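Please look over the model below before reading on. The points that follow are meant to be checked against it.

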Amino acid sequence: MSPLDAPLARAVLGAWAALVGAVLGSFLNVVIARVPAGLSVVRPRSRCPRCLSEIAWYDNVPVISWVLLRGRCRRCGLPISIRYPLVELLGAVVGWLAWNRHGLSPEAGAEIALVLTLVALAFIDLDTWLLPHVITWPLLGGGVLASALGWSAAPSLASSLWGAGVGWGAFALLSWGGEKILRKEALGFGDVWLLGGLGAWLGLGALLPLVLLASVQGSVVGIVLVLLGKSQTGERGANEARPAGDEGAADEDWVPPKNAVPFGPFLALGAIEWLYGAELLARAFPALGAFR
Ligand SMILES: [Zn+2]
């Protein structure tokens, strides 16, 4: 038994991993808020999203500060979204899980990088209906690199490269074909790069199950949203969908359809579920075992 396996050492290391995760989650909140606006994630220091006053370090402790301040800014007293402590808590869970699954290792670091990047992309897509290239391109490159080093969940570098290529190609074809047939954007190119990145990190075999997981859950949520917002049914959403062709100009005044959700968060969710739960899912649905 290595000294790191003693119960006390395990508890301390686990707590430390969770703390590192929470701090990364705190940084993730900055990424989610600033990257879509094209702002630096380093400067200026954290500010209240309402009154823009700088937040002191003692008011910026992950989760704890939000609870102590009862979700309000110390200066202006306006509410601060529960999403901030939630993302920090998520970071803590991801950090602890990575340490529990891989110990203190580069694999743990790579897993944290992957999952937290997906969390950031999911929230950015929910906010803005965009998956910025400044995040999806490094995601794809990082996936290939991590797989070459044996740090990713992809079984081999070949599987990672095939996963990236087939993931990107399949969604690119779907995006292009959908636009030709439906005369409107069926699948954004952000999703194309995202699936390429997921293939790079998880390998070729993961593509089909994760797209299946994403589609099923996306459909369920979509149907529930339409049922809840009875006054505006899917028809209005369809009419308001992003027009095909001339990207730049059309994107400026494009308004997200009512009662609709972007697909990116579900791709991220499906990937995270497959990453942590492939074994469990394959046991529940033996047909999925072939993709592990
Ligand atoms: Zn404030």
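1. The expected span is 1.5 Å times one less than the number of residues, and helices are DSSP runs (H or I, at least four residues) numbered from the N terminus.

2. This is a predicted model, in which local features need pLDDT of at least 70 and side-chain atom pairs count only at pLDDT 80 or more, while totals for chains, interfaces and linings use all residues. Residues are numbered from 1 along each chain as its sequence is written, and side-chain values use heavy atoms, with hydrogens and water left out.

3. Among the buried residues of α3 are Pro85, Val87, Glu88, Gly91 and Trp99, where buried means under 20% relative accessible area, exposed over 50%, and partly exposed in between (1.4 Å probe, protein chains only). The buried residues of α3 pack against α1 (7-34), α2 (64-68), α4 (106-128) and α11 (264-284). After α3 comes Gly103, which has a positive phi, near 65°.

4. Ser175 belongs to helix α6 (residues 157-182) and is buried, its relative accessible area being 4%. With neighbours within four places in sequence left aside, Ser175 is in contact (heavy atoms within 4.5 Å) with Leu187, Phe189 and Val192.

5. Leu212, in helix α8 (residues 207-228), is by contrast partly exposed, with a relative accessible area of 47%.

Conventions: Helix = DSSP H or I, 4+ residues; strand = E, 2+ residues; numbered from the N terminus.
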